[in-house]
Amino acid sequence: REERLLATATKEQGVVTFLKSDYGFIRSNKRREEVYFHYSKVDLGDINEDNDYELKAGQEMEFLVVTEDNGRVSAREVKFLNRGSVEFHKFLAEGVMGIIDKCPQPAGGGNSDEISGRIRLLESIMDADKEVKVIDFNSTDSPGGSFSVRDGSQHLWIREGDTLLFDVIKESADESIRVFPTKKEVVAVGKNCDLTSTKQHQSTKLVQADLDAMLITSRSVKLVSCNAAGRSEGTINVMKDQFGFLHCSERPVDSYFKLFELLPEKLQKDLRRGMGICSEDKTSELTAGAEVQFDLSLQKSSQSKPNNGKQQEKEQLKAQRLLLLPPNTIVKTKVLAKGIKGVVQKEDPRQTYSGMMELDEEVQTMTLEERHPYVYKVVQSMLNDESIPSIVFPEAQSVKEDDVVMDLVETLGKGKLNCSHLPTSDPR
């Protein structure tokens, strides 16, 4: 029987992953399933003072794989290998950037199995003579990992439209191409690649010494920038034990947020670096008065009853994925002109010292980019890159935000772009 099994055996290499009293398992670089082995099949004669061989988790091995009569795969003639002998993948590219087309979904919370995500590369890479434009990635490679909420469901810090930095590998087991954590760090705008910056910050740019220090030994997938669709800025207004309110910079409205929505510190550092803000810059703490960047969306609609007795929907906004910014990053006011003369045309009887004035000369107001930097960025990206099929706002927008999007699409697009609404159940 043993001779019959060995006749069809395949030679493989791998790493010990688990050991019990008299058996263990090996992760092979030729298959997805782990291979069972019994201690009696291990050649212990290779262990001596001249090497560091030891039957433990992490030890690299070479072995023959047979398929038992019951269908189980197991190892024979298990031999020790020197460290670094086994390759599970080969690198196709390092320091690659891509945009998330589809977020992965961790197992649990209604998903029995992991659902892979998909990333569209900003620049395609080559695998032999094959061009690669889209690759898969798992939730385990998601920047910042996952977090759970009260109902026990698992959530990720990333969203569709976010830009990530990573390496690309080809698996030896099945030749699949996927995302792999990188040693590269996010670099400031203009130093390595054109990352996303919605404003021209006055912060000191990174110098070469900073760049040299950016290569680290630990690997991770980095979050370079958040999807600009639905992104906004504001100032923390009120802080409570588990929640707070912030004042939006684009219009006079407050938004609710939960404290756990503050991004992990490592993700914040990467995002600020991508904006050209040095890690040495003094960043605010999450307290009243702190400046933040965040995802803004419609929380829900509640009914309010005004004096006329008619039911009206009350706007309630929520802020998610908060990023702390250095003081004076957000432009709250702008001087349009100095020394301007004018004639008062009308006084407002309801407000003291207010009314309408006719100016002696025309004054240029804030540009669309200054008033609505994130929506402007979204629309311009569509106009500048015809390869982008569409941009979807990940969360439902309020009527006010929706009006801004529609207005800028019409004003800047000049008939080249269309804007439509999707039901909240749409998978896109």
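Before we select anything, here's what a pocket is here: on a 1 Å grid over the protein atoms alone, it is an open set of points with protein on both sides within 12 Å along at least five of seven lines, and its lining residues have an atom within 4 Å of a point. This is a predicted model, so to speak of local features takes pLDDT of at least 70 and side-chain atom pairs count only at pLDDT 80 or more, while totals for chains, interfaces and linings use all residues. Residues are numbered from 1 along each chain as its sequence is written, and side-chain values use heavy atoms, with hydrogens and water left out.

**Stop 1: the second largest pocket**

Select Ser 249, Glu 250, Arg 251, Arg 371 and His 372: of the 27 lining residues of the second largest pocket, these lie nearest its centre. Now colour strand S14 (231–239), helix H4 (368–371), helix H5 (373–384) and helix H6 (399–413), the elements that each give two or more residues to that lining. Helices (H or I, at least four residues) and strands (E, at least two) are DSSP runs, numbered from the N terminus.

The pocket's volume is about 400 Å³, counted as the space filled by probe spheres set on the points, with grid points joined across faces, edges and corners. Colour the lining by class and you get 11 nonpolar, 6 polar and 10 charged residues. Nonpolar here covers Ala, Val, Leu, Ile, Met, Phe, Trp, Tyr, Cys and Pro; charged covers Asp, Glu, Lys and Arg; the others, Gly among them, are polar.

**Stop 2: helix H3**

Next, select residues 265–274. That's helix H3, and 7 of its 10 residues are buried, so it is largely enclosed by the rest of the structure. Buried means under 20% relative accessible area, exposed means over 50%, and partly exposed is in between (1.4 Å probe, protein chains only). Step just past H3 to Gly 276, where phi is positive at about 90 degrees.

**Stop 3: strand S6 and its partners**

Jump to strand S6 (residues 89–102). S6 runs antiparallel to strand S11 (residues 163–171), and 8 bridges join them; two strands pair if DSSP finds at least two bridges between them. Click Lys 90 to find its bridge partner in S11, Lys 170. S6 also pairs with strand S7 (residues 117–127), again antiparallel, over 4 bridges. There, Ile 99 has Arg 120 of S7 as its bridge partner.

**Stop 4**

Is Glu 171 buried or exposed? Buried, at a relative accessible area of 3%. Leaving aside residues up to four places away in sequence, Glu 171 touches Arg 32, Phe 88, His 89, Ser 176 and Arg 178, where contact means heavy atoms within 4.5 Å.

Now move to Glu 175, in the loop between S11 and strand S12 (177–180). Glu 175 is exposed at 56% relative accessibility, and its phi is positive, about 60 degrees, although it is not a glycine.

**Stop 5: Asn 328**

Select Asn 328, in the loop between strand S18 (312–325) and strand S19 (342–347). Asn 328 has a positive phi too, near 65 degrees, and is exposed with a relative accessible area of 72%.

**Zoom out**

Key: 1 Å grid on protein atoms, 1.4 Å probe; cavity = no way out; pocket = protein on both sides within 12 Å on 5 of 7 lines; lining within 4 Å.
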